[in-house]
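Student: Could you walk me through how to read a helix pair, a domain interface and a ligand shell? I would like to see each idea in a real case.

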Amino acid sequence: MSTKATSAFQWTPKAQVIAKEAGARLREFFEQGVETEYKGDVDLVTVADRTVEKLIHTRLKEVFPEHGIYGEEGTREGLERAYRWYVDPLDGTTNFAHGFPQFCVSMGLEHRPPGTAPEQDGTLVAAVIYDPMRDELFTAERGQGAWLNGKPIHVSATQVLGESLVSTGFPSRKRHASPNIHFYQEFTLRSHGVRRAGSAALDLAFVASGRLEAFWEFNLNPWDTTAGVLLVEEAGGSVTDFTGGTFALDSHEILASNGHIHGELTALFDDMFAGRNLEPIPTPAEYAAQRAAREASK
Ligand code: IPD
Ligand code: CA
Ligand code: CA
């Protein structure tokens with residue numbers, strides 16, 4: 001299997017050291033167990049989220065003093081600078097808090113040349129996602145491909161949704177405003193299955209490494225998506241909004257796939273938003289009536 005000398009890369013060699021140190025801290029907290037607090041609704045936070053964001057902030061300042069940092073737990077530093085790290089110190093907090101071993105550290109670097117308007121996206125240039133439970137390090141730099149523990153990765157070659165394994169996630173705030181359960185149902189009926197594993201960054205890394213054919217979600221934040229988006233693109237996949245239009249960091253819609261099934265996915269989103277071609281399933285009341293009829297006829 002071919003590998004690439006780390007010296008060919010500009011940012012990931014230093015960033016991956018930070019992500020691995022951060023991941024090791026997460027693993028320690030995971031093993032010892034932590035108290036959970038509520039940020040709102042069922043949006044959980046733990047001492048691990050805050051401690052590890054501080055650690056990453058400190059380390060990034062040491063190795064990239066000229067870069068800005070935007071972290072989920074409140075870090076906002078140097079946002080006028082030409083490079084900005086989006087940091088999710090613990091993606092998958094709900095899993096973490098329940099002892100469910102699916103979570104990661106996610107760090108994505110955006111280049112924002114002088115003159116980039118505040119509402120405009122720059123270019124994603126580097127990505128590091130580290131899963132400390134599997135010791136899996138996903139890295140990418142623009143134009144250099146995507147890598148898992150130093151070996152190149154590529155999206156899957158699957159050509160149709162009907163032969164695909166896909167994934168999604170659900171918000172932990174304003175849950176009643178999300179229509180995603182309808183999409184979950186429709187994708188379940190049209191694919192090999194839908195996984196809801198609880199870490200958007202790992203979902204994207206899994207699309208990049210061919211373990212999943214696609215991932216979609218409503219209302220994610222840049223710290224969830226930045227690294228994973230670059231990984232999928234560098235692994236040969238596609239990332240858009242639900243209409244197939246350009247993905248923007250604040251677009252609140254992400255559809256990532258191996259590229260081959262992307263047209264089929266956007267057509268399904270079109271149909272669903274228009275209320276067309278939906279697969280019927282019984283309501284619970286209809287199911288109960290069918291069950292009662294079966295019992296009565298025995
Ligand atoms: C969450 C995870 C989850 C996704 C949620 C995110 P957090 O991030 O990525 O998979 O469904 O929308 O908020 O809160 O664990 O960092
Ligand atoms: Ca997250
Ligand atoms: Ca988080």
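This is a predicted model: local features need pLDDT of at least 70, side-chain atom pairs count only at pLDDT 80 or more; totals for chains, interfaces and linings use all residues.

Student: Which residues of α5 and α6 make the contact?

Tutor: On α5 they are A200, A201, L204, A205, V207 and A208. On α6 they are D224, T225, A227, G228, V229, L231 and V232. By class, this contact has ten nonpolar, two polar and one charged residues.

Student: Now the domains. What does the domain assignment give for the protein chain?

Tutor: The assignment gives domain 1 (6-153) and domain 2 (161-274). Their centres, taken over C-alpha atoms, are 20 Å apart.

Student: How many residues of domain 1 are in contact with domain 2?

Tutor: 35 residues of domain 1, which are in contact with 27 residues of domain 2. Elements giving two or more residues to the domain 1 side include β3 (68-71), β6 (104-111) and β7 (123-131). That side divides into 17 nonpolar, nine polar and nine charged residues.

Student: And ligand 1: which residues come nearest?

Tutor: Of the 15 residues around ligand 1, those are D91, T93, G169, G198 and A200. The elements giving two or more residues to this shell are β5 (83-91) and α3 (93-98).

Student: What does each domain give to the shell around ligand 1?

Tutor: At least three residues come from each of domain 1 and domain 2. By class, the shell has four nonpolar, seven polar and four charged residues.

How values were computed. Residues are numbered from 1 along each chain as its sequence is written. Chains are lettered from A and ligands numbered from 1 in the order in which they are written. A residue is near a molecule or strand if its C-beta atom, placed from the backbone, lies within 6 Å of it. Helices (H or I, at least four residues) and strands (E, at least two) are DSSP runs, numbered from the N terminus. Ala, Val, Leu, Ile, Met, Phe, Trp, Tyr, Cys and Pro count as nonpolar, Asp, Glu, Lys and Arg as charged, and the others, Gly among them, as polar. Domain bounds come from an automatic or database domain assignment. Two residues are in contact if their C-beta atoms, placed from the backbone, lie within 7 Å.
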